[in-house]
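Here are some notes for a colleague who is opening this entry for the first time.

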Amino acid sequence: MINLETTYAGLKLKNPFIVSSSELTSNIKSIEEIERAGAGAIVLKSLFEEQIRNEAGQLTDFNDYHTEAYDYINTYVKDNSVDNYLNLIRQAKMAVDIPIIASINCMQEKDWTSFAKKIETAGADALELNIYTMAIDKTTEGYKYEEMYFEIIKEVQKTIKIPIIVKLGYYFTNLVYIVNRLSAMKVDGVVLFNRFFSPDIDINDFSIKPASIFTSPDDLRIPLRWMAIISSKVQQISLSASTGIHDAEAAIKMLLVGADTVQVCSVLYQKGIPYLSEIIKETEKWMGTKNYSSVSDFRGKMSYLNIDNPALFERAQFMKHFSSFE
Ligand SMILES: Cc1cc2nc3c(=O)[nH]c(=O)nc-3n(C[C@H](O)[C@H](O)[C@H](O)COP(=O)(O)O)c2cc1C
């Protein structure tokens, strides 16, 4: 009998398969479909501070900027967007039995905290913080951007009691330090990694257009390496893998290198939500062939510390590998 139960950021999940934050998790119909496909948990679409600001901007005339009218409309639209999001949490909690993880994307400390409190009160089981800032100021040292992350998290921790999960990008000088610091701060979980909007250029009409928003299976490589290293070096924080998980094999690899949970998104856009049940079935089948009855039987078996030659996850070996090609 195969048992996929797992614990993630203090939440008991029936399995480690989570559908990550996107439009797929922004309405009740697909949230119900995701539960039917067998997901262990759902991360709702992020509430974006940027989006709230833009909505307010569209409703006001440029001349109104910073007038009382602008402030009023700004507050109205902001409350409305937040209200819609809180309704989504409440409805999702009524519609499905699996844990609902809310997600917020802000860039300013003060906005985080008020959203977070409301989200907790609406019934979210946990909160994923999607912190994002482009480090492009030529006079600001790197560590100052990192401090901003820690400050935001500290503020949110003061406000809510539900588990806090931080979804990171991989643009850090020392990711192990960052995750270790989050662990020391008693953050409950980390998602490795977020995928950001990337611009591309049309060479015919000279316009800027979005690069593909979906990942490919090859995108697994960076998260695989970092999951292997971080799961070995940092304890007492749950780890979730995101980016490039398109099938059961990729999910199994992530669990083997130490992920507690795996998140899927692009592949469900491409193959439909029911494909998740295939991924889960294939994982169970593989566990059967290896005589594993629970995830803990193999989780971390191939992490940095548990393989004979951990240097295989390091860059030096990577260079050596390439130098052998003619
Ligand atoms: C259309 C789309 C919308 C997304 N929206 C969000 C979002 O609101 N918040 C967030 O944290 N991640 C968002 N993501 C990122 C995904 O949650 C996920 O981390 C990323 O796509 C990598 O996983 P994948 O390889 O399974 O697609 C979005 C991704 C896509 C494709």
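**Notes on the ligand site and backbone**

1. The ligand has 20 residues around it, and of these the ones that come nearest are Ser21, Ser46, Thr215, Gly244 and Ser266. Please keep in mind while reading that this is a predicted model, and that the values below are computed from it.

2. The side chain of serine 46 has an N or O atom 2.6 Å from a nitrogen atom of the ligand, while the side chain of threonine 215 places an N or O atom 2.5 Å from an oxygen atom of the ligand.

3. Sorted by class, the shell holds eleven polar residues, six nonpolar residues and three charged residues.

4. Where does the ligand sit in relation to the largest pocket? The space that the ligand takes is the largest pocket itself, and about 850 Å³ of space lies in that pocket. The lining of the largest pocket is made by 34 residues, and those closest to the pocket centre are Ser21, Asn194, Arg195, Phe197 and Ile213. Two elements, strand E13 (261-264) and helix H9 (266-271), each give two or more residues to this lining, and H9 contributes the largest share, with three residues.

5. The lining of the largest pocket can be sorted by class as well, and it divides into 16 polar, 13 nonpolar and five charged residues.

6. Two places in the backbone deserve a careful look. The peptide bond that runs from leucine 192 to phenylalanine 193 is cis, with omega near 10°, and phenylalanine 193 belongs to the loop between strand E9 (189-192) and strand E10 (199-201).

Methods:
Residues numbered from 1 in each chain as written. Predicted model: local features only at pLDDT ≥ 70, side-chain atom pairs only at ≥ 80, totals over all residues. Heavy atoms only, no water. Near = heavy atom within 4 Å. Polar contact = N/O pair within 3.5 Å; in protein donor to acceptor, adjacent residues only side chain to side chain. 1 Å grid on protein atoms, 1.4 Å probe; cavity = no way out; pocket = protein on both sides within 12 Å on 5 of 7 lines; lining within 4 Å. Sits in = over half its atoms within 2 Å of the grid points. Nonpolar A, V, L, I, M, F, W, Y, C, P; charged D, E, K, R; others polar. Points joined across faces, edges and corners; volume = space filled by probe spheres on them. Helix = DSSP H or I, 4+ residues; strand = E, 2+ residues; numbered from the N terminus.
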